[in-house]
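Work through the two exercises below with the model at hand, and compare each step of the solutions with what you see.

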Amino acid sequence: MAGSAAAHPSLMLTASRTSQPIGHYELCKRLPEECAIRSSDQTPLKLSKQLLQRLEKLTVSVNQAVKPMNDIDIYGKDEYWAYPDKLGDCEDYVLRKRRVLMQEGISPSNLLITVLRKPDGEGHAVLSVRTDQGDFVLDNLSDSVVPWDETGYTFLKRQANDHTGRWVTILEGAQEPLVGSVQ
């Protein structure tokens, strides 16, 4: 468990390793380099006004550039994670935002794909950005960047901050998986 997370209520507390979502597993098979990044520096980003403005600008930009459409209509599959060009679902928005921020030099240890449950019970994915002031959410359903604990979502699991191919449970989340997973 992340010991330093207890010091700030807006930091996600994570626990044990868990299964990765099936879409992520298949992405890793197609693009193994996506899931082989091991971060030695796991220091959260220093939150600044400039960083928050950059995250908000990116969120708006990607949310406007990608038209929401489910995987079955795009790929003919229930679950297919990909980098979107013009169409995509929630995981695709996450991947695009994550890629842009990594290209700008932000460590993948601070850009974590996160699976959750929306208030209506539907599964969803967002990008969690780890900072020294807590974890912030970049979501395709909102142009606002907010602390994770102010979203109204139930968080289930996310990528481990030390290895992009591994996933960990989020203590606040429910125990039942909502998205297809592999053991």
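For the classes used below, Ala, Val, Leu, Ile, Met, Phe, Trp, Tyr, Cys and Pro count as nonpolar, Asp, Glu, Lys and Arg as charged, and the others, Gly among them, as polar. The model is a predicted one.

**Exercise 1.** Describe the lining of the largest pocket, by position, by element and by class.

*Solution.* Begin with the extent of the largest pocket, whose volume is about 330 Å³ and whose lining consists of 20 residues, with Asp 89, Cys 90, Glu 91, Glu 122 and Gly 123 lying nearest the centre. Next, assign the lining to elements: α3 (71-75), α4 (90-103) and β6 (123-131) each supply at least two residues, and β6 gives the most, with three.

**Exercise 2.** Determine how helix α2 (residues 49-65) is set against α4, and which residues make the contact.

*Solution.* First take the axes of α2 and α4, which come within 10 Å and cross at roughly 135 degrees. Because of this angle, α2 counts as oblique to α4, and the crossing of the two helices is right-handed. Then list the contact, to which α2 brings Arg 54, Leu 55, Leu 58, Thr 59, Val 62, Asn 63 and Ala 65, while α4 brings Tyr 93, Arg 96, Lys 97, Val 100 and Leu 101. Sorted by class, the residues of this contact comprise seven nonpolar, two polar and three charged.

Notes:
Residues numbered from 1 in each chain as written. Predicted model: local features only at pLDDT ≥ 70, side-chain atom pairs only at ≥ 80, totals over all residues. Heavy atoms only, no water. 1 Å grid on protein atoms, 1.4 Å probe; cavity = no way out; pocket = protein on both sides within 12 Å on 5 of 7 lines; lining within 4 Å. Points joined across faces, edges and corners; volume = space filled by probe spheres on them. Helix = DSSP H or I, 4+ residues; strand = E, 2+ residues; numbered from the N terminus. Axes fitted to C-alpha atoms, helices over the stretch in contact; angles between N-to-C directions. Parallel < 35°, antiparallel > 145°, perpendicular 65-115°, else oblique. Left-handed = near helix turned anticlockwise from the far one by under 90°. Contact = heavy atoms within 4.5 Å.
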